[in-house]
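I am starting a notebook on a structure that is new to me. The entries below record what I looked up, in the order I looked.

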Amino acid sequence: MTETENKKRTNRRPGLGVGTVSLLVIFTVLCFSTLALLSLSSAVNYQNTMRPSQQGALSLAAAEGEAAQKLAELDTMLMELQIEMQVSDANDAQSSTYASTARAYYDRAAQKAEGLGFEILEDTQQLRFALPIDENHELVTEIVLHAPGADIRYIVVKQASVMTGEWDPGSGEGQLWPG
């Protein structure tokens, strides 16, 4: 080996050179940029996917709030009816039997409930109403009236979101995955 070659080898510093560090920085920046773009793409897709679900949940919550108001109106009406019937029973010298009083209560309650928009089912003790959620769904609530003088005036036996229109599998609506 010549003396010049020996000097070149001994003058080198140990470790990485400037070019290697620059390449590592460029590679790291590219990795972080790719990660950022993938995260942004994922967030945008999630937002676009969840927007219809969020709108449906808001519509359902609004319908449930409206149903609660309607049930509160019914509860007030039933309470007033119970008081009215107790007063009329107290004024009536010939007290009727409990069965006829209960039947009269159910009949009058059903008549008044129809005025509030309720539908009478099979028996005057069962009432139903439906509120629109969106163009294809409605919130159906069914209740059963309790006897006059009971601790509770009615009980909700069913409250469900029901599809009102026909489902067309080719339209894409109602599909779980658009892909």
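Entry 1, terms and source. I count a contact, or touch, when heavy atoms lie within 4.5 Å. This is a predicted model, in which local features need pLDDT of at least 70 and side-chain atom pairs count only at pLDDT 80 or more, while totals for chains, interfaces and linings use all residues. Residues are numbered from 1 along each chain as its sequence is written, and side-chain values use heavy atoms, with hydrogens and water left out.

I looked up its neighbours, leaving out residues up to four places away in sequence: F129 touches A67, K70, L71, G117, F118, L139, V140 and T141. I took one of these, T141, and found it 12 residues from F129 in sequence, with the two C-alpha atoms 5.5 Å apart in space. Is F129 buried or exposed? For the terms, buried means under 20% relative accessible area, exposed means over 50%, and partly exposed is in between (1.4 Å probe, protein chains only). F129 counts as buried because its relative accessibility is 3%. F129 belongs to strand β2.

I listed the helices (DSSP runs of H or I, at least four residues) and strands (runs of E, at least two), numbered from the N terminus. The protein chain has 3 helices and 4 strands, and along the sequence they follow the pattern α-α-α-β-β-β-β. I noted that 19% of the 179 residues count as buried. Among contacts with a separation of 6 or more, 47% are between residues 24 or more positions apart. For surface, I used accessible areas from the Shrake-Rupley method with a 1.4 Å probe, where for residues only the protein chains shown count as cover. The chain exposes about 13,200 Å², and carbon and sulfur atoms supply 57% of that.

I counted two strands as paired if DSSP finds at least two bridges between them. The 4 strands form an open sheet in the order β1-β2-β3-β4, with antiparallel pairing. β1 (119-120) and β4 stand at the edges with a single partner strand each, so one side of each has no neighbour in the sheet. β1 and β2 pair in the antiparallel sense over 2 bridges. I also looked up E119, whose bridge partner in β2 is R128.

A nonpolar core here is a set of buried Ala, Val, Leu, Ile, Met, Phe, Trp, Tyr and Cys residues joined through side-chain atoms within 4.5 Å. Which residues touch the most other members of the largest nonpolar core? They are L74, L78, F118, L127, I143, L145 and Y154, out of 22 residues. At least two residues of this core come from each of α2 (18-91), α3 (98-115), β2 (126-134) and β3 (137-145). The largest share, 8 residues, is from α2. I then followed L78: not counting residues up to four places away in sequence, L78 touches Y105, A109, L145, R153 and Y154.

I took a salt bridge as a side-chain nitrogen of Lys or Arg within 4 Å of a carboxyl oxygen of Asp or Glu. A search of the whole structure finds 5 of them. The side chains of R153 and D75 form one, at 2.8 Å from N to O. R153 is in the loop between β3 and β4 (154-163) and D75 in helix α2, so the pair ties together parts 78 residues apart in sequence. R153 counts as buried because its relative accessibility is 19%, whereas D75 counts as partly exposed at 23%.

Next I looked at E84 and K112, a salt bridge whose closest N and O atoms are 3.8 Å apart. This pair links distant parts of the chain, with E84 in helix α2 and K112 in helix α3, 28 residues apart. E84 counts as partly exposed at 34% relative accessibility, and K112 is partly exposed with a relative accessible area of 34%. Salt bridges that share partners join E84, R108 and K112 into one network.
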